[in-house]
Amino acid sequence: MYKNIDPFMKILPQLDVHGFTEDIVMTVVNEFIEDSYKLGRKKIVVIHGKGQGILRRKIHNDLKNNRLVKGYYLYNFNIGCTIIELN
């Protein structure tokens, strides 16, 4: 079976939060954002999965108030990933 792999996703730093609970997911995501910002990265990826959207909603709600985040959006080819643009 041929699987189309997007090279764009291979070059961006990624954090997979599958299995995290809604209570602690933002602790891990915020640490990843802060570390990436300090390293001068402009875009990062958080993989939260599709499911019922619990983690996605929690992450998106908290990203709205994060001073290091310029913007964020769901990845077009996989809605289980959020691409975050940093200041």
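Predicted model: local features only at pLDDT ≥ 70, side-chain atom pairs only at ≥ 80, totals over all residues.
Q: How do strands of a sheet pair?
A: Strands in a sheet are held side by side by backbone hydrogen bonds, and the pairing can be parallel or antiparallel. Here, 4 strands form an open sheet in the order 1-2-4-3, and the pairing is mixed.

Q: Which strands stand at the edges of this sheet?
A: Those are strand 1 (14-16) and strand 3 (69-75). Each has a single partner strand, so one side of each has no neighbour in the sheet. On average, neighbouring strands here are turned by 20 degrees against each other, ignoring direction.

Q: Do strand 3 and strand 4 run parallel or antiparallel, and how many bridges join them?
A: They run antiparallel, with 6 bridges between strand 3 and strand 4 (residues 78-86). To find one of the pairs by eye, look for Tyr73, whose bridge partner in strand 4 is Ile83.

Q: Which strands does helix 2 touch?
A: Helix 2 packs on the sheet and touches strand 1, strand 2 (43-47), strand 3 and strand 4. Its direction makes about 160 degrees with that of strand 2. Helix 3 (residues 54-63) lies across strand 2, strand 3 and strand 4, at about 155 degrees to strand 3.

Q: Is Ser36 buried or exposed?
A: A residue counts as buried under 20% relative accessible area. Ser36 has 1%, so Ser36 is buried. You will find Ser36 in helix 2 (residues 25-38).

Q: What is Ser36 in contact with, leaving aside its neighbours within four places in sequence?
A: Ser36 is in contact with Arg41, Ile44 and Leu86.

Methods:
Residues numbered from 1 in each chain as written. Heavy atoms only, no water. Helix = DSSP H or I, 4+ residues; strand = E, 2+ residues; numbered from the N terminus. Buried < 20%, exposed > 50% of the residue type's maximum accessible area, 1.4 Å probe, protein only. Contact = heavy atoms within 4.5 Å. Pairing = 2+ DSSP bridges. Axes fitted to C-alpha atoms, helices over the stretch in contact; angles between N-to-C directions.
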